[in-house]
Amino acid sequence: MLVWLFRGRLFALDEYGVLSPFMQAVTDISISMYAILGFFLLLLLLGMPNGCTATREGLLKAGFTNHAGEAPFLISKRKDSVNPDLTVWEFDPCGIPLGEWEDKRAEIETALNITIAKITWAEGRKIIRLYSAPAESDFPAMLPWDDKYLSPENFVLVLGQSLTGPVTVNLAHIPHILLGGSTGSGKSVLLKLLLMQSLRKGAEVYISDFKGGVDFSEVWHDRCHMCFTEETLLNTLDRLTAELEQRKARLAETGCANLDIYNSATGENLPRLIFACDEAAEVLDKTGRSKEDKELLSKIENRLATIARLGRAFGIHLILATQRPDANIIPGQIKNNLDFRVCGRADNVLSQIILDNTSAAELIPKDARGRFVLSDGTVFQGYLFNEEQL
Ligand SMILES: Nc1ncnc2c1ncn2[C@@H]1O[C@H](COP(=O)(O)OP(=O)(O)OP(=O)(O)O)[C@@H](O)[C@H]1O
Ligand SMILES: [Mg+2]
């Protein structure tokens, strides 16, 4: 600009006019080059989100890089349209897989000074989308249940609140649930929360309670089918599997694909059946048992496996809660079909068994009660539900 502004003077120095055409050409060319370069630079700056370089440097310093030593590149950063308390960060992952983002969650949180609520893929697998809340945001120590949280949808059960909103499970899509966690983490309370909602929605609830009625008080005995011994448990499961076979035949006759379609096609109102077992490992553990007992337990296992395999279409569901879901206690053919996994406070090994990752050990503080994490890393505070509300 300066050269161009003062070109008159420059040319005036050249009194014989030898340099003038040359200078003229040089200024003209350099001015247009500067203009073009400047334009592209401006475009680049406009295209880069605020704090892009700082973000990258922060991640680099925290050691969150790919094998070539490059940190992910921030593509955009905006407020979430649904929940304005959240910020959505979109990254070019630079070849870092989602699992590694989950593993390095703590490092990323420190580097960017945020609390991560959720990490997902977006646009296929091109972009990593990270939902964050401000670093100081945290869960309340207690979230009392209120009837207004009950979902109107069939058959959606509400578990609690995460930083991104309510956490729900639709039994019509994911039929069976496994709740795990060490003692006192809040499994029984969460289980009862789910059963209470199932009752409200008109389901028939079957409960196996081998703790001698400590967890399920009289109120439950009036409303649910209770099993206190192994014999009644097997009986109940026999009834459930028989019902499953009957429903299978009826659905096949009418050509209906699942219970909801059957109910709306025939005008009948077959209820969903929920079988809940607190302390499932205590029930199924065969170590040190007599031969007859082992046979009985095998039968129980066998019925549970049938329901786990076939229950979805016929509206028969399992919710198992346990401190020890090891493969030698809860066999693979049952556990593999319990797709909705919830884990409370746990150590690395327990978290790995339940969620296939160690996030429960990392994300749940030792003193938290009723705090859980799902397999996708969503942390939530479960609603505290009081039995008088039943
Ligand atoms: N959602 C919650 N919010 C606040 N406190 C909770 C919540 N859930 C449970 N608690 C507290 O934790 C205590 C233990 O909960 P709970 O009996 O459900 O644990 P548990 O995991 O079933 O333990 P165990 O394996 O020994 O049976 C409860 O008495 C209650 O005080
Ligand atoms: Mg319990």
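Which element supplies the largest share of the shell around ligand 1? Strand E15 does, with four residues. This report starts from that ligand and then turns to single residues. The model is a predicted one.

## The shell around ligand 1

Ligand 1 has 19 residues around it. Thr183, Gly184, Lys187, Ser188 and Gln323 come nearest. Two elements, helix H7 (187-200) and strand E15 (379-384), each give at least two residues to the shell. The space that ligand 1 takes up is the largest pocket.

Which atoms of the protein make polar contacts with the oxygen atoms of ligand 1? Thr183 uses a polar side-chain atom, 2.5 Å from an oxygen atom of the ligand. Ser185 uses a polar backbone atom instead, and the distance to an oxygen atom of ligand 1 is 3.2 Å. Glu279 brings in a polar side-chain atom, also at 3.2 Å from an oxygen atom of ligand 1. On its own, ligand 1 has 630 Å² of accessible area, and the protein covers 78% of that.

Where does Glu279 sit in the chain? Its place is the loop between strand E11 (273-277) and helix H11 (280-284). Is Glu279 buried or exposed? Its relative accessibility is 11%, so Glu279 counts as buried. The cut-off for buried is under 20%.

The backbone of Glu279 also deserves a look. Its phi is positive, at about 55 degrees, although Glu279 is not a glycine.

## Asp356, another positive phi

Asp356 is not a glycine, yet its phi is positive, at about 65 degrees. Asp356 lies in the loop between helix H14 (348-355) and helix H15 (359-363).

Why does Asp356 count as exposed? Its relative accessibility is 59%, and exposed means over 50%. Glu279, in contrast, counts as buried.

Ser151 counts as buried because its relative accessibility is 12%. A polar atom of the Ser151 side chain lies 3.1 Å from the backbone nitrogen of Glu153. What does Ser151 touch, once its neighbours within four places in sequence are left aside? It is in contact with Val156, Val158 and Lys201.

## Cys224, between a helix and a strand

Cys224 lies in the loop between helix H8 (218-223) and strand E10 (225-227). At 7% relative accessibility, it falls under the 20% cut-off, so Cys224 counts as buried.

Which residues are in contact with Cys224, leaving aside its neighbours within four places in sequence? They are Leu199, Val205 and Ile207. Lys366 is 142 residues from Cys224 along the chain. The C-alpha atoms of Cys224 and Lys366 are separated by 33 Å.

Key
Residues are numbered from 1 along each chain as its sequence is written. Chains are lettered from A and ligands numbered from 1 in the order in which they are written. This is a predicted model: local features need pLDDT of at least 70, side-chain atom pairs count only at pLDDT 80 or more; totals for chains, interfaces and linings use all residues. Side-chain values use heavy atoms; hydrogens and water are left out. Buried means under 20% relative accessible area, exposed over 50%, partly exposed in between (1.4 Å probe, protein chains only). Contact means heavy atoms within 4.5 Å. A residue is near a molecule or strand if one of its heavy atoms lies within 4 Å of it. A polar contact is a pair of N or O atoms within 3.5 Å; within protein, one must be able to donate a hydrogen and the other to accept it, and residues adjacent in sequence count only if both atoms are side-chain atoms. Accessible areas come from the Shrake-Rupley method with a 1.4 Å probe; for residues, only the protein chains shown count as cover. On a 1 Å grid over the protein atoms alone, a cavity is a set of points where a 1.4 Å probe fits but cannot get out, and a pocket is an open set with protein on both sides within 12 Å along at least five of seven lines; lining residues have an atom within 4 Å of a point. A molecule sits in a cavity or pocket if more than half of its atoms lie within 2 Å of its grid points.
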